[in-house]
Structure formats: C-alpha cells, structure tokens
Amino acid sequence: MKTIYLDNNATTAVAPEVLSAMLPYLGQLYGNPSSMHSFGGQVGEAVDTAREQVAALLGASPDEIIFTSCGSESDNTAIWSAIQTQPEKHHLITTRVEHPAVLNVMQYWEREGRHVTYLGVDGKGRLDLDEYAEALSEDTALVSIMFANNEVGDIYPIQKMAEMARERGVLFHTDAVQAVGKTPIDLRQLPVDMLSLSGHKIHAPKGIGVLYARKGMRFRPFLRGGHQERGRRAGTENVPYIVGLGMAAKLAHDFMQEERVKVALLRDKLEAGLLERIPDCMVNGDVENRLPNTSNIAFKNVEGEAILLMLDRLGICASSGSACTSGSLEPSHVLRAMGVPFNYAHGSVRLSLSRYTTEDDVAYVLENFPGVIETLRAISPFKN
Amino acid sequence: MWNYSEAVHDHFLHPHNAGPLADANAVGEVGSLACGDALKLYLKINEQGVIENAGFETFGCASAIASSSVLTDMIKGMTVDEALKLTNKDIAQALGGLPKQKMHCSVMGQEALEAAIRQWKGEPPVPHAHEEGKLVCKCFGVTDAQIIRAIRENNLKTVEEVTNYTKAGGACGECLDEISEILAAELKQKPLAELKPKPRLTNVQRMQQVLKTIDEEIRPQLAADGGDIELVDVDGKRVTVSLRGRCSQCRSSEVTIRNLVERLLREHVEPDIVVQEA
C-alpha cells in the first residue's frame with residue numbers, strides 16, 4: 001500500500017540532495033572542525049558553508065547563526081539567555097497557542113517566580129495587538145511569539161509585534177520552526193532579536209536546529225563547555241547534520257517562491273474538495289493568513305483518533321488535535337484557546353503538505369476520506 | 001501511536017451490532033460531546049429478563065468503539081442479572097487489554113449497560129450522579145461514588161490510575177486533591193500529600209532537624225537505658241554520632257544505631273539519611 005504523507009508539520013522527508021550532501025561527513029570526512037590539521041579544517045569549511053546557507057535563507061549574517069540540537073533547544077536557550085542577561089526584569093510575554101517547547105518553558109519560569117502574560121486569541125486564532133501593547137512594560141525581559149502556528153497554520157503579525165517590542169526596548173524571540181522555508185523571512189527587515197528553526201521541518205534530518213541571535217545582543221549560553229559556536233553553544237559540531245541543514249536551507253531558499261504557490265494550490269484543492277464532499281465540517285484557523293501547506297479541518301460529531309486510525313488503514317498519514325490521540329483527556333490547547341466548540345474540536349484533523357505532495361495524493365485522499373467520516377458518523381449517537 | 005490489540009482493531013474497523021435497535025426496550029446513555037466520548041446502548045430484553053439483542057452508537061476513539069462492540073457481543077443471551085455482574089475489567093479483557101489511558105472506555109461500557117438495565121427496571125437513570133454521589137470532577141461529571149467503585153473494582157493505587165479509569169481530574173486538574181483524599185481513605189493510609197517527598201533541606205535546616213530529633217526523640221529513649229548520644233558531625237546526609245554512657249560499652253551499639261538512631265532520623269528528617277558511629 002502506498003503512503004500518502006500529509007503530516008509534514010510533524011516532520012518531513014529528508015530531501016535526497018540533503019542526504020547526499022551529508023553522506024561524506026558520515027564517512028571519510030570525520031574530522032573535528034576545531035582541529036589544527038587540514039583534515040579537520042576541511043570539515044570546518046563545510047560547517048562554514050552550511051552557516052552561510054542558513055544565514056542566506058534568513059537574511060542574516062553567518063555569525064548570527066548558532067547550531068543547536070533541535071528547535072526545543074533553541075527555544076530554551078533564547079528564553080534562558082534573555083532571563084540571565086536581564087536579572088532585574090521579571091516579566092515575560094508569550095501566547096496561549098505556542099508550541100510546548102515555549103509554553104512549558106514559560107510555565108517553568110513562572111514557577112521560578114517570573115510573571116508571564118499569555119496572550120489570548122480570537123476564534124480564528126488571531127492575536128489582539130492592543131492586549132499585547134498593554135502587556136509590554138519596562139519589566140518585560142522577553143517576548144516569545146511563534147511565527148506560525150503548528151496546528152492551524154496561522155501566521156502571526158511578527159513584523160508589527162517585534163517593532164512594538166523594539167520601541168519599548170524589549171527583546172523579541174520568535175519560534176519560526178513551522179514558518180522557515182514555507183513563508184519568506186528576511187531578518188534585515190524583521191526586527192526580531194532571536195529566532196528558532198528546526199531542520200527536520202524543512203527536509204533535513206531530526207536532531208539539528210538553529211538559534212539566530214542578532215549581532216550585538218547580550219547572550220548567555222544554555223549549554224556551557226567548549227568554545228564552539230563562538231562560545232554560545234558548547235559541544236562538538238554535529239557536522240553531517242549541519243551540512244544537511246545547510247543544503248536544506250539552500251533548497252528552501254532557491255525554490256520557496258515556486259513551491260509556496262504549488263503547495264498552496266494543492267492544499268486549497270484538497271481543502272475545498274473535502275469541504276464540498278463532506279457535510280458539517282469547517283476549517284480551523286485564519287484562512288486569510290496562514291501557511292501555504294496547512295489545513296486544519298474539524299468534522300462535527302466524530303472523534304479525531306478514530307478518523308486517524310481509519311485513514312491509517314488507507315495509507316493516509318495525518319494528525320489530530322483530539323484529546324484521545326495525545327493520551328490527554330482534553331482537545332488541543334490551541335483549539336481550546338480559539339474557542340472551537342467541543343463537537344468540532346474533538347473531530348479536528350490536520351493535513352500538512354510538502355513539496356513532495358502530488359496531485360495524485362490529493363485525488364486519492366479526496367476519494368477515500370469522505371467514506372471514513374460517513375462510517376464514523378453512522379455509528380455516532382450525535383446526529384447532525 | 002497507541003498499541004492496540006488485534007481485537008481492538010477488529011472491533012473498531014468492523015464493529016458488531018453497530019446502530020440503534022428499532023425494537024429496543026432499554027436504552028442507556030453515558031458520556032457527552034464535551035467529554036470526547038459518548039455511548040448510547042440499546043437493549044431488547046424479553047419477559048424472562050434475557051437480553052435478546054443489543055446495539056450501540058458511539059462517539060469516541062477506536063477503543064471506545066471497540067469496547068461498545070465487544071460489550072454488545074458479550075451481553076447477548078445473558079440474563080439481566082448476569083449482565084449486571086459484568087465489570088469494566090471483563091470488557092477490557094475481552095479486547096485483549098486496553099492501554100491504561102484508555103481504561104475509561106471500558107468503564108463507559110459498564111456504565112451504559114447499568115443505565116440501560118436501570119431504565120428497563122423502571123429505576124431512575126445514572127444512580128451515582130444524583131443519589132449516591134457527590135460531584136468531584138466538574139469537567140467530566142464524575143462523582144465520588146464512581147471513583148470509589150473504580151478504585152475497588154480495579155484495585156487502583158494512584159491518582160493517575162483513577163484518571164485513566166474514570167477521566168476524573170484529566171482536564172483542569174482542580175479536583176486532583178479531592179481524588180487523592182478519596183483514594184487515601186479507600187487505601188486507609190495517609191493522604192498522598194503527606195507521602196510526597198519533603199522539599200529538599202538546606203544543610204542548616206537538616207542540621208537543625210537532626211539536632212531536634214536527637215534531643216526530642218532519641219535521647220529520651222537512650223536515657224531510659226542509662227545511655228546518651230552526642231552529635232559529632234553532619235556531612236550532607238551522612239550523620240556521625242557518638243554513643244555515650246552505658247550505650248558506649250554496649251555490644252549491640254551497632255543495632256542501636258541502625259534500629260533506633262537511623263530509623264528515627266530517617267522518619268523525622270529525610271528518608272535517605274545514613275548514620276555512622278564516630
């Protein structure tokens with residue numbers, strides 16, 4: 001049975017170009033970039049190239065790129081650094097719809113005595129800029145707001161929010177794990193101080209991430225030890241993965257414009273097709289302003305885990321904000337923050353596409369998905 | 001991904017007895033949309049009290065649907081009295097087990113069955129909520145009677161298990177303390193709050209507590225035998241003491257150290273204190 005992979009916000013396939021770029025560094029080119037000999041030096045050059053490739057994708061300077069092990073490490077480091085360099089400030093701002101990599105860290109710092117403002121969202125997931133303006137204060141050590149939401153795909157007004165923070169002299173971090181490679185980000189124009197990205201969301205492997213830290217910013221490392229990454233992140237460089245991420249960044253940089261259009265067209269076709277074929281469903285999120293690859297659809301009166309397992313039998317990979325899929329008993333915190341009604345929230349399914357999604361994939365899903373909802377609704381005690 | 005048994009997969013993908021029964025004379029409903037799962041169980045019970053036919057409608061995950069399906073298979077042909085003896089464990093067993101976080105699906109089956117039979121007998125529905133119990137979990141509408149029953153029938157030992165079986169405490173978490181108290185009363189032991197590890201002591205706090213325990217608990221006991229004790233040093237959790245008076249000549253001083261001094265310090269100060277003689 002063929003696999004239709006529509007769970008690219010969870011992770012993506014490693015691009016063949018990325019894999020080929022990595023292989024030599026898992027083989028004969030095993031030197032340590034810090035070594036004095038040329039055997040290590042040539043590996044150091046590969047790391048430099050990757051750093052330039054990532055910087056080019058973001059419109060940053062190479063020395064503003066810190067390689068980390070994952071998006072979560074980047075997020076932890078950003079928050080840690082802001083707190084450690086400004087011990088006199090006790091306030092943090094984030095949103096109720098963040099990824100746990102930020103949300104749980106904020107909750108940790110709250111327990112440690114910091115005051116945290118969690119900005120709410122409206123029914124489409126949109127933030128309220130007035131609420132944000134009021135929250136900003138002299139005591140705010142950091143604002144951390146995601147660039148785009150992993151569940152519904154909403155893109156937040158980071159340009160505006162970062163400008164507002166800068167005017168007040170407040171540091172701004174954005175978790176751009178879902179946005180990088182899917183929507184243009186130019187740090188020459190965007191006044192954010194720190195930005196997190198993750199390799200495995202842009203067709204590099206799992207286990208590599210980046211924290212961008214703006215030049216001139218005061219910084220404290222989260223992982224201490226050796227002098228790597230200019231003393232900002234200790235640990236011998238994960239060379240093969242750094243090289244892979246460099247290649248993935250290059251591919252994203254070269255093809256983003258073209259791919260955004262192609263992926264968005266397929267997504268729209270898939271979404272419109274499902275809405276047309278299946279009664280009583282709705283799109284979660286802000287359709288006017290979201291990632292080109294993400295569609296989050298809520299099906300009334302059916303439960304998400306049951307939908308996913310039936311899709312799985314058809315070879316279709318998706319994910320759900322339903323309670324049952326996570327082992328928790330409540331639906332996703334994002335959908336709850338948005339106030340999605342329970343009879344829809346439990347039946348929400350996220351479909352996330354990539355550059356490798358095809359017309360055939362979409363056609364197959366459109367043909368098979370409606371039957372799943374029909375089957376489950378037939379045995380549901382709640383009738384539409 | 002959940003590690004469901006083959007039986008769960010089979011019953012989920014090909015549910016038995018799905019759909020309402022046109023000639024049902026007993027219907028039991030539990031759960032709600034807000035809870036994320038709900039079951040409506042239909043029974044056709046004949047004059048002899050035998051369940052002739054059963055059907056169900058379920059909103060929920062794979063294990064909720066599978067639990068409903070296997071339940072209808074199990075009860076067909078049973079008398080009402082036999083059916084009332086079924087427990088959620090029987091349902092879970094018939095499915096080859098359920099992941100622990102999904103045990104509440106089997107509880108839902110048992111509750112729907114009881115609700116249906118109560119209706120058939122002309123008794124009021126959902127006894128626990130209105131008659132016997134007090135509402136504990138407001139998010140999922142779970143009463144203390146339901147919690148106590150789940151604890152007894154499934155031999156539950158922790159609050160987490162109670163949540164897995166009843167959903168109580170699984171949302172806002174406000175009732176977790178109350179669940180802990182109910183559980184403690186059932187297990188006839190100290191409330192779990194008291195069993196929680198004490199906050200880590202600073203060296204000064206530890207030293208003060210060690211001194212206090214020696215003065216108030218240990219010395220009086222030794223004095224009764226004409227002995228005495230002196231604290232020599234506290235280094236982290238290693239406490240050095242010297243036995244005095246009659247104890248110093250006692251051949252069983254090692255026993256005194258272990259069974260009296262160390263035991264009392266562990267009880268009153270920290271459970272991992274080690275005592276040695278100078």
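Visitor: What makes helix 3 and helix 4 of chain A count as being in contact?
Guide: Contact means heavy atoms within 4.5 Å. In this predicted model, S72(A), D75(A), N76(A), I79(A), W80(A), I83(A) and Q84(A) of helix 3 meet A101(A), V102(A), V105(A), M106(A) and W109(A) of helix 4. By class, this contact has 8 nonpolar, 3 polar and 1 charged residues. Ala, Val, Leu, Ile, Met, Phe, Trp, Tyr, Cys and Pro count as nonpolar, Asp, Glu, Lys and Arg as charged, and the others, Gly among them, as polar.

Visitor: What ground rules apply?
Guide: The model is predicted: local features need pLDDT of at least 70, side-chain atom pairs count only at pLDDT 80 or more, and totals for chains, interfaces and linings use all residues. Residues are numbered from 1 along each chain as its sequence is written, chains are lettered from A in the order in which they are written, and side-chain values use heavy atoms, without hydrogens and water.

Visitor: At what angle do helix 3 and helix 4 of chain A pack?
Guide: The angle is about 35 degrees, and the axes are 9 Å apart. Axes are lines fitted to C-alpha atoms over the stretch in contact, and angles run from 0 to 180 degrees between N-to-C directions.

Visitor: Why is the pair E305(A) and K102(B) called a salt bridge?
Guide: The rule asks for a side-chain nitrogen of Lys or Arg within 4 Å of a carboxyl oxygen of Asp or Glu. Here N to O is 2.6 Å, so the pair qualifies. Across the interface of chain B and chain A, the rule finds 1 salt bridge.

Visitor: How many salt bridges does the rule give over all chains?
Guide: The count is 30. One of them joins R290(A) and E271(A), with the closest N and O atoms 2.7 Å apart. This pair links distant parts of the chain, 19 residues apart. R290(A) lies in the loop between strand 9 and strand 10, and E271(A) in helix 8.

Visitor: What area is buried between chain B and chain A?
Guide: About 2,200 Å², with carbon and sulfur atoms giving 74%. Buried area is the accessible area (1.4 Å probe) that two parts lose on being put together, summed over both. F12(B), L33(B) and F59(B) supply 25% of what chain B buries against chain A, more than any other three residues.

Terms used
Helices (H or I, at least four residues) and strands (E, at least two) are DSSP runs, numbered from the N terminus.
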